[in-house]
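Have the sequence and the model open side by side as you read.

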Amino acid sequence: MKLTISLLFVLLLLSLPSFGQHLGLTFQEAEKTGLTQPYLDSMYQSAMHVDSAEAVFKTELEQQHLYEAYVKLLQDFGKFLSANNFKWERPTKCFNRIYFSADGTIDYFLFNFLGKPTDKPSAAREKQFTQLLNAFIKDYQIAIKAPRKFAQCSPSTYMPLGK
């Protein structure tokens, strides 16, 4: 019986990369489940790239539209956090890499909080953040479409209200 449960758990973890859509988690959590950045990057093309031949959004106009849609996504997420009573105590730096379906839905939103341990949220706050992130990305669609799946990364700083 234990072997069967263990085997089912392993099979579930192995299937996660192909079936786990709309997931928000840290880079480390993703890696533990097989969702390494190289694996995801092999399936999702860079939204923008120094070499435009490597990018999904090639023209200056396309890149401007992506930028505007991406900024709106981060702003909408900030509003969602606030509406769900998640308040930042101090400026909190984060790095995001978001993997999108061609229709703009979010497949994976990977993040890491940056800085010294005292600058990062507590484990309980990070857990709450992750839960809200997953609720947000479940139905969110960025305001841009593409001919293929794409990824975009950026640093961000979450600010306390009124600052």
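Is Phe 77 buried or exposed? At 0% relative accessibility, Phe 77 counts as buried, where buried means under 20% relative accessible area, exposed over 50% and partly exposed in between (1.4 Å probe, protein chains only).

A quick word on ground rules. This is a predicted model, in which local features need pLDDT of at least 70 and side-chain atom pairs count only at pLDDT 80 or more, while totals for chains, interfaces and linings use all residues. Residues are numbered from 1 along each chain as its sequence is written, and side-chain values use heavy atoms, with hydrogens and water left out.

**Rings**

There are 20 aromatic pairs in the structure. Rings of Phe, Tyr and Trp (its six-membered ring) pair if their centres lie within 6.5 Å; planes under 30 degrees apart count as stacked, over 60 as edge-to-face and the rest as tilted. Here are two of the pairs:

| Pair | Centre to centre | Angle between planes | Type |
|---|---|---|---|
| Phe 57 and Phe 150 | 5.2 Å | 90° | edge-to-face |
| Phe 77 and Phe 136 | 5.1 Å | 45° | tilted |

Phe 57 sits in the loop between β2 (45-46) and α4 (60-83), and Phe 150 is in strand β5 (150-158), so their pair ties together parts 93 residues apart in sequence. (Helices, H or I of at least four residues, and strands, E of at least two, are DSSP runs numbered from the N terminus.) Phe 57 is buried at 4% relative accessible area, and Phe 150 is buried at 0%.

**Core**

The largest nonpolar core has 30 residues, and Leu 73, Phe 129, Ile 142 and Phe 150 touch the most other members. Such a core is a set of buried Ala, Val, Leu, Ile, Met, Phe, Trp, Tyr and Cys residues joined through side-chain atoms within 4.5 Å. Helix α4 gives this core its largest share, 7 residues.

Leaving out residues up to four places away in sequence, Leu 73 touches Ile 98, Phe 100, Ile 106, Phe 109, Phe 136, Tyr 140 and Ile 142, with contact meaning heavy atoms within 4.5 Å. A second, separate core of 10 residues includes Ala 30, Leu 35, Leu 110 and Ala 151.
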